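Subject: Structure handover and notes

Hello,

Here is the structure I promised to pass on to you.

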Amino acid sequence: MSQVSFDVMNARVTFRNVPIHALSKFAFKDVTAACEEFKKIPAVEECVIVQTASRVEIFIVSNVDDPDSPDARRPEGKTLVLNQVKNTWISLSSLEQIDIDHFDQTLEVYKGDDVYIHLLRLASGIDSIVVGKQEVFDELVQSFAVAKEAGASGKITNKLFESVIRLATRMRDTTGIADNIVSLGDVAVRLVDEKTGLDSKKKVLLIGTGESAAMVAKTLTQKGTSFDVASRTVERATGFTTLLGGSPVDFEETLAGFDKYDIVFVATTSDYFLITYARIRLVMEEKKKGTLILDLSDPRTVDEGITALPGIKLLFRDQIYEIYEENVKARDGLVPAVEKIIQKELPVLSATMGMLDN
């Protein structure tokens with residue numbers, strides 16, 4: 001009887017190499033069904049998918065027990081499995097032809113210890129938009145639970161994820177990297193709530209689809225606040241809202257109906273003023289209720305001249321950024337401690353996984 005070998009592979013697309021508004025094109029409508037499709041690939045026995053607002057990741061285990069089968073550890077075997085993973089991914093997602101043409105450059109693929117390091121970094125919170133955020137850990141735990149319940153995971157992935165979750169819990173507790181975390185979105189929404197009250201009667205608009213906008217969207221969604229999202233194109237806004245919540249709207253139509261909004265968050269990377277006195281003067285001159293606008297953009301994209309219009313109150317990024325920066329620096333200062341623990345635990349985890357290779 002031949003020895004059974006396994007190969008752990010992680011294929012991922014994250015906010016680090018794809019704009020957040022474009023991530024939805026790589027996402028799967030039904031994660032459990034997607035796992036089953038990946039398991040139909042010859043030699044693939046286990047699959048866990050981690051899909052959040054900032055990443056789409058696949059963890060698969062290839063088992064080879066036939067000496068005549070392509071070994072996933074040999075170059076030809078790796079290529080065989082990886083090509084089928086990519087083809088399956090494309091068939092299950094909403095990728096456009098341009099995305100498919102550049103998929104090899106977009107997709108990150110790792111194996112063995114590199115997968116273990118990544119999972120430890122992800123679970124501990126140091127590989128996320130907001131370092132240490134509890135939400136990232138919770139999403140990882142939930143993704144594993146879904147795969148396990150559906151029978152998509154197995155002996156290898158179960159041991160891997162259970163070990164990583166246990167180690168990450170200890171790292172987060174001992175280093176304090178998950179304590180008192182405040183994202184830019186948390187600070188922004190809190191300030192607006194203090195200034196004008198953020199209740200269900202308020203009409204809220206978010207302009208932008210980048211990382212800052214994503215943090216605001218996450219906080220609004222967690223608070224159960226309804227909001228519209230506008231970007232340079234409706235397609236961008238739609239992709240953004242698919243994973244982060246909110247309702248996509250056309251930017252030009254938004255300006256034409258600017259008077260209906262009570263609260264506006266602006267978080268873009270534009271290098272010119274998007275909102276000016278001239279663009280909203282006619283629609284805002286007759287508005288009876290006030291409008292609070294918080295411009296989180298750097299550089300600013302809201303012209304201060306709009307404050308000449310009645311009822312408009314304008315706040316800028318620097319009014320909240322000091323609070324946010326202090327929190328970021330505190331988190332960043334703890335990252336080396338987490339990295340040190342990861343380097344210490346990696347050989348142990350690798351050896352533990354290696355013991356399953358029989």
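Which residues have the most contacts inside the largest nonpolar core? They are Phe38, Trp89, Tyr116 and Leu160, in a core of 61 residues, where a nonpolar core is a set of buried Ala, Val, Leu, Ile, Met, Phe, Trp, Tyr and Cys residues joined through side-chain atoms within 4.5 Å.

Before going further, please keep in mind that this is a predicted model, in which local features need pLDDT of at least 70 and side-chain atom pairs count only at pLDDT 80 or more, while totals for chains, interfaces and linings use all residues. Residues are numbered from 1 along each chain as its sequence is written, and side-chain values use heavy atoms, with hydrogens and water left out.

The cores

Helix 7 gives the largest share of the core described above, namely eight residues; helices (H or I, at least four residues) and strands (E, at least two) are DSSP runs, numbered from the N terminus. Tyr116 is in contact (heavy atoms within 4.5 Å) with Phe6, Val8, Leu160, Leu346, Leu349, Ser350 and Met353, if its neighbours within four places in sequence are left aside. There is also a second, separate core of 35 residues, which includes Leu191, Val216, Ala217 and Ile263.

The salt bridges

Side chains of opposite charge can pair when their charged atoms come close. A search of the whole structure finds 19 salt bridges, each being a side-chain nitrogen of Lys or Arg within 4 Å of a carboxyl oxygen of Asp or Glu.

One of them joins Asp104 to Lys86, with the closest N and O atoms 2.4 Å apart. Because Asp104 lies in helix 4 (residues 103-106) and Lys86 in helix 2 (residues 75-92), this pair ties together parts that are 18 residues apart in sequence. Lys86 counts as buried at 13% relative accessibility, given that buried means under 20% relative accessible area, exposed over 50%, and partly exposed in between (1.4 Å probe, protein chains only).

Another joins Arg121 to Glu339, where the closest N and O atoms are 2.2 Å apart. Arg121 belongs to helix 5 (residues 113-124) and Glu339 to helix 14 (residues 335-354), so the pair ties together parts that are 218 residues apart in sequence. Arg121 is partly exposed, with a relative accessible area of 23%, and Glu339 is partly exposed as well, at 24%.

Helix 14 also holds Glu345, while Arg170 lies in helix 7 (residues 155-175), so this pair ties together parts that are 175 residues apart in sequence. The closest N and O atoms of the salt bridge between Glu345 and Arg170 are 2.3 Å apart. Glu345 is buried, with a relative accessible area of 13%, whereas Arg170 is partly exposed at 41%.

Two single residues

Ser143 lies in helix 6 (residues 134-150) and is buried, with a relative accessible area of 10%. Its side chain reaches the backbone oxygen of Glu139 at 2.8 Å.

Lys203 lies in the loop between helix 8 (184-196) and strand 5 (204-207), and is partly exposed, with a relative accessible area of 34%. Although Lys203 and Tyr261 are 58 residues apart in sequence, they are 4.9 Å apart in space, C-alpha to C-alpha.

Best wishes

Terms used
A polar contact is a pair of N or O atoms within 3.5 Å; within protein, one must be able to donate a hydrogen and the other to accept it, and residues adjacent in sequence count only if both atoms are side-chain atoms.
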